[in-house]
Amino acid sequence: MRLLETVAAHEQGAPAKQLARQAGLALPTTYHLLRTLVHEGYLRRDSGLFHLGDAAERLSRRLARQRRRGAVTEALAHWHDAVGAPLYCARYRDGEIEVVGVADSEESPAVDEWADFRATGHAHAIGQCLLSQLDEDARRDHLARYPVQRLTPYTVEDERVLLRRLAACRHGEPVIERQEYVLGTVCAAIPIRIGTLVATVAVSLPAQQADGLLPAARRLQAEIGRQPGVLALSFSI
């Protein structure tokens with residue numbers, strides 16, 4: 001690892017003897033490690049100089065993604081403390097609903113995903129919020145693959161009614177869902193658009209606390225507004 005770090009410090013590459021000296025390694029050991037790293041793709045040799053290889057670059061990208069996810073996890077935890085309710089971060093990518101983070105606690109647990117979130121976007125606030133940000137063709141395509149189905153007595157069962165509701169959602173306003181995905185829970189999702197990516201951060205509450213849902217969504221919206229760069233970084237992954 002020290003040898004890899006030493007190579008990384010030389011954008012134009014460096015010879016074995018220089019790398020051995022700077023890494024504090026014996027020359028025979030350095031040659032052995034360099035041959036191994038070149039063979040495994042972590043380094044490449046060009047005109048006697050060693051450079052980072054494709055495998056090292058892939059490792060670096062994976063590390064960057066982990067750091068970005070860590071930043072999102074920390075932000076969700078902070079917002080959870082501020083709002084005092086379970087939070088969910090999701091995006092719509094390649095035609096699918098993808099939950100990328102959840103923050104909850106023993107006192108306020110997240111909703112149990114008893115029915116696949118990807119297939120039930122018509123029923124929960126996360127999915128409704130994401131679908132509301134798509135054009136009508138994309139919405140119809142999604143519903144053709146994941147048809148409307150009854151999950152609770154409150155679930156919209158008519159696709160035409162759902163499409164009208166989605167079209168009526170106002171830009172930037174929370175999308176509210178009351179016991180459509182699971183009985184006993186209400187949810188509000190904040191729409192987020194980052195370039196061409198469609199995303200949302202949502203909050204859920206027990207149905208008996210429904211009066212507090214919109215105020216909680218407003219608090220969440222304010223918290224997101226203080227750290228917009230966190231989500232932009234996350235969804236660039």
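1. How many positive and negative side chains does the chain have, and how far apart do the centres of the two sets lie? There are 29 positive and 29 negative side chains, and the two centres lie 8 Å apart. Lys and Arg count as positive, Asp and Glu as negative; His and the chain ends are not counted. The place of a charge is taken as NZ of Lys, CZ of Arg, CG of Asp or CD of Glu.

2. A word on the source. This is a predicted model, in which local features need pLDDT of at least 70 and side-chain atom pairs count only at pLDDT 80 or more, while totals for chains, interfaces and linings use all residues. Residues are numbered from 1 along each chain as its sequence is written, and side-chain values use heavy atoms, with hydrogens and water left out.

3. Start with the overall form. The chain holds 9 helices and 7 strands. These are DSSP runs, numbered from the N terminus: helices are H or I with at least four residues, strands are E with at least two. The C-alpha trace spans about 75 × 40 × 30 Å along its principal axes. The radius of gyration is 24 Å, whereas a compact globule of 237 residues would have one near 18 Å. That radius is taken over C-alpha atoms, and the globule rule is 2.2 Å times the number of residues to the power 0.38.

4. Of the 237 residues, 42% are buried. Buried means under 20% relative accessible area, exposed means over 50%, and partly exposed is in between (1.4 Å probe, protein chains only). The chain exposes about 13,000 Å², and carbon and sulfur atoms supply 49% of that area. Accessible areas come from the Shrake-Rupley method with a 1.4 Å probe; for residues, only the protein chains shown count as cover.

5. Now contacts along the chain. Take the contacts with a separation of 6 or more: residues 24 or more positions apart account for 56% of them. Contact means heavy atoms within 4.5 Å.

6. Look at the aromatic rings. The whole structure has 2 aromatic pairs. In one, W114 and Y181 have ring centres 6.1 Å apart and planes at 45°, so this pair is tilted. W114 sits in the loop between β4 (96-103) and α5 (125-132), and Y181 in the loop between β5 (175-178) and β6 (185-194), so the pair links parts of the chain 67 residues apart. Rings of Phe, Tyr and Trp (its six-membered ring) pair if their centres lie within 6.5 Å; planes under 30 degrees apart count as stacked, over 60 as edge-to-face and the rest as tilted.

7. Which kind of pair do F117 and Y181 make? Their ring centres are 5.1 Å apart and their planes stand at 90°, so the pair is edge-to-face. F117 lies in the loop between β4 and α5, 64 residues from Y181. W114, F117 and Y181 form one aromatic cluster.

8. Is Y181 buried or exposed? Y181 counts as buried because its relative accessibility is 3%. F117 is buried too. W114 has 47% relative accessibility, so W114 counts as partly exposed. Beyond four places in sequence, Y181 is in contact with residues including V111, D112, T120, H124 and L151.

9. Q128 lies in helix α5 and counts as buried because its relative accessibility is 1%. Among its contacts beyond four places in sequence are G121, R165, V175 and E180. V203 is in strand β7 (residues 197-206) and is buried at 0% relative accessibility. V203 contacts, among others, V83, P86, C187 and L220. T30 is in helix α3 (residues 27-40) and is likewise buried, at 0%. T30 touches L3, A16, A20 and L25, leaving out residues up to four places away.

10. Last, check the backbone at two loop residues. S47 has a positive phi of about 55° although it is not a glycine. S47 is in the loop between β1 (43-46) and β2 (49-52), and counts as exposed because its relative accessibility is 73%. Q179 is not a glycine and has a positive phi of about 60°. Q179 is in the loop between β5 and β6.
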